[in-house]
Amino acid sequence: MWFFVIGDLFIFGVYFVSYLWFRSADHALFLDSQRHLNQDIGVVNTVILLTSSLFVALGTAAARGGNARHALRLFGFALACGAAFPVLKAFEWIPEIAAGYRPGTNLFFMYYYVLAGMHLCHVLLGLMILGFVMRELRQSRAPRIRFVETGATYWHMVDLLWLVLFALLYLMR
Amino acid sequence: MSVPAGSFASAAGVPVRPWYRSRKLDQWICFWSVPFFYNLFGLVFVPLSSMMPPKSPSASTQQIVGFFQGDHLLIACVILTLSLGLAPVSNAVYLTQIKRMSVSPAFRVAFLGGTVMGAIVGMTFPLFCFGLGAFRPGYDPAVLVMLYDFGYLAFIGSLGCFCVTWAMFGLAIILDRNRILPKWLGYYTVWQFMSELMAAPIWLTQSQPFGWNGVMTFWFAMLVYVPWQFIIYVWIYKAIKRQPEDELDNAPSRTRVRQRDTAGAAP
Amino acid sequence: MNTRGQRILLWIAPAAGALFLLAYFLFPIFSASLSPTQTPDEIAAFFHDHGSGILGVSVMINLIGGMLIPLFAVTAVQMSRIGNSSPVFTYSYILCVGIGTTAFLLADYCWGIAAYRPDRNPQLLTLLNDMGWFLFTAPVGTILMQNLCLALAIYLDTRAEPVFPRWVAHFNVATAVLFVPGAFTFLHKTGPLAWNGILSFDLRVLTFAAYVAVMFFVLLRIVGRQTEDVELRL
Amino acid sequence: MAFLFRNPLVAVWALLTASTILSWALSRDGGVTPHADIAVTAGVLLIAAVKSQLVIRYFMEVRHAPAWLRRVMNGWLALLFALLAGIYITSL
């Protein structure tokens, strides 16, 4: 999984750099478009992902300590938090699309939807992986710690990518 | 055929067969057709017809008409129609390896369906759009512009079918317990899947960096794709070579076992 | 051991053949053999005059395209009996069938759509007509590869009693070669290689009809001789 | 409740959340007419870099990882933020 995580970080790294590159060619457009984003939902989503990541980290520690039931509960919380992310994303995107801010509107919105959309795909994949980890914890007598750790690493990467995305898309001026 | 003779001797001491008597000859023929196919495609697309790298989506009508009147577009189309069948062969090479993996047959059936779709929308449509536009000089420029868009959007913007195939392939590699292909290659295939998703924006914009000739949508996807193509072929080469003789469908031991099974099943 | 199912599938092919024969003689597009040199206005007039005939046969061709699939399916099953080291040729064969028959159907759609509203802009009618011809004549790559895969699979059949007789392989190669001229319709507007030319149209249609007929009888015999259960190695 | 904060993971989480809110507050009073503001951007990017480093070190447990992995992850972070900052500054 580390192979995948590192590669993914570099791929997203290219996206981030290209975003800044094209942004710096047209500051005014990007700044002006940025105003129409819903920063509040962005912040809530960041905190949600961070909290979810915390639960995953605690759950991994619990699983390592042999407490599979506690770990299962913690991963359950993590999954619940993680599942709120796409829901909030829908609440964020639907009004924006309805108000006419669409991917084709301008380059900023294209980047906004493409980057956040790619990230959203990772979130959905991560939710599936968390589900598999929970199944492993529930069904297996001796859960494979490697598997739990692998899933956790992936989920933290999703969190990490969002932190950068959030800063670039919502916050920077 | 650059398979060294002698490369088929297994450790078990099976007598060395020359390449043309190899039991795996069918797999080798298909395997070596693939580099041929990609080289041919590369030559036809890039230097011969200059279809690739893609022309700009925001080209003027005049430029588009000029593109269709290019000298070699029709010859390129002839070569492409003749070699259309090589795409299925290259996919069959993947399929053969997926079959050896310990995953459900549903994976290869889904892969099969996806590749049929992919070859139709990704190869047949662009080929005929470009060929058609070049064939008759009397078309309205508006018609030519439509063919231009149709060709490029179908070629670069088709994502669903390729997403299915690469998802099936990547997932099969990751889930496989027979270690046919290395696991990291499965993860790489997942990026291949993601780079197909990046084709979505080309439908929504006509300019850089997300147009169909965009830095992000075309060039970066190529940067991911081209090494993948090379690496996967090296590993498929290894996988075919490593496949033990007694696992082959035409291995003497296996045909005998199968006959015994059928005989035993009949009352 | 029961091969009734396979034989039922095979007998769909003669029905398709009969329908094809009927369609061939009824289809205004084939009998008028529209030339690539015609102007858009001539083409528009043609579709205007023959609309209903084209539409009727379009429905038939649509059906025929699908009816050929069972024959190819039985071929694929018998191919997988050959037992090469892997099903790689069978996979290629099936993929080619999927692509080739779809191209055939698309050709039919183009003509059908042109005839559906013949008072369309002549430019568009011409486009549809050209596209129909190209999709009908030019995509020989898949059927070419389909035949070559079958031929190679037969050549590599090493058992004492091969599934297919050797001459079927030679026959498949020969027909594959005869399909090749179809690809060159892109380059010619007149002469034997134009889409209504003798090489890329008449020869091709004849070859295809003969191919289907011969393969039908070959497969009928092979299926009749089959004694073991088919273990489909796909 | 206090026992929770003795867990380093929870402490890291608290720090991450607090800095998220801080960077939000930093960016929030941009006014009606948006303008490129190097102070805000620098602060936001710095906070993002620190947060990323925290996630990498504590959540992904890279601090216990083999040296090559630590180096790759730190290298990625440093390279990314250097490039981002560099592009931003040169464009002003």
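How many residues of chain A are in contact with chain B, and how many of chain B with chain A? The answer is 19 residues of chain A and 16 residues of chain B. Contact here means heavy atoms within 4.5 Å.

Before I go on, some ground rules. This is a predicted model, where local features need pLDDT of at least 70, side-chain atom pairs count only at pLDDT 80 or more, and totals for chains, interfaces and linings use all residues. Residues are numbered from 1 along each chain as its sequence is written, chains are lettered from A and ligands numbered from 1 in the order in which they are written, and side-chain values use heavy atoms, with hydrogens and water left out.

Let's start with chain A itself. Chain A has 6 helices and 0 strands. Helices (H or I, at least four residues) and strands (E, at least two) are DSSP runs, numbered from the N terminus. In order from the N terminus, the elements read α-α-α-α-α-α. The C-alpha trace of chain A spans about 55 × 30 × 20 Å along its principal axes.

Back to chains A and B. The size of an interface is often given as the accessible area lost when the parts come together. Buried area is the accessible area (1.4 Å probe) that two parts lose on being put together, summed over both. For chain A and chain B this comes to about 1,700 Å², with 90% from carbon and sulfur atoms. On the chain A side, Phe3(A), Phe4(A) and Met110(A) lose the most area to chain B, together 31% of what that side buries.

What about charges? The interface of chain A and chain B has 0 salt bridges. A salt bridge is a side-chain nitrogen of Lys or Arg within 4 Å of a carboxyl oxygen of Asp or Glu. There is 1 residue pair in polar contact, both at pLDDT 80 or more. A polar contact is a pair of N or O atoms within 3.5 Å; within protein, one must be able to donate a hydrogen and the other to accept it, and residues adjacent in sequence count only if both atoms are side-chain atoms. Helix 1 and helix 5 (107–139) of chain A each supply at least two residues to the side that touches chain B. Helix 1 of chain A gives the largest share, 9 residues.

Next, chains B and C. Of the 3 pairs of chains that touch, chains B and C have the most contacts. Chain B brings 48 residues and chain C brings 47 residues. Together they bury about 4,300 Å², 75% of it on carbon and sulfur atoms. Phe128(B), Phe135(B) and Arg136(B) supply 17% of the area that chain B buries against chain C, more than any other three residues.

Which side chains form the 1 salt bridge between chain B and chain C? They are Asp130(C) and Arg136(B), at 2.6 Å, N to O. On the chain B side, helix 5 (105–135) is one of the helices that supply at least two residues. Helix 5 of chain B gives the largest share of that side, 12 residues.

Now chain D. Helix 1 (residues 2–25) of chain A and helix 4 (residues 67–91) of chain D have axes that come within 9 Å and cross at roughly 5°. Therefore helix 1 of chain A is roughly parallel to helix 4 of chain D. The axes are lines fitted to C-alpha atoms, for helices over the stretch in contact, and angles run from 0 to 180 degrees between N-to-C directions. Angles under 35 degrees count as roughly parallel, over 145 as roughly antiparallel, 65 to 115 as roughly perpendicular and the rest as oblique. Among the residues that meet are Trp2(A) and Phe10(A) from helix 1 of chain A, and Trp68(D) and Trp76(D) from helix 4 of chain D.

The side chains of Glu61(D) and Arg64(A) meet at 2.8 Å, N to O. Glu61(D) lies in the loop between helix 3 (38–59) and helix 4 of chain D, and Arg64(A) in helix 3 (residues 39–64) of chain A, so the pair joins two chains. Over all chains, the structure holds 8 salt bridges.

Which chains stay apart? Chain A and chain C have no contact, and their closest C-alpha atoms lie 29 Å apart. Chain C and chain D do not touch either, with nearest C-alpha atoms 41 Å apart.

Last, two backbone details in chain B. The peptide bond from Met52(B) to Pro53(B) is cis, with omega near -10°. Pro53(B) sits in the loop between helix 1 and helix 2 (61–68) of chain B. Arg179(B) has a positive phi, near 55°.
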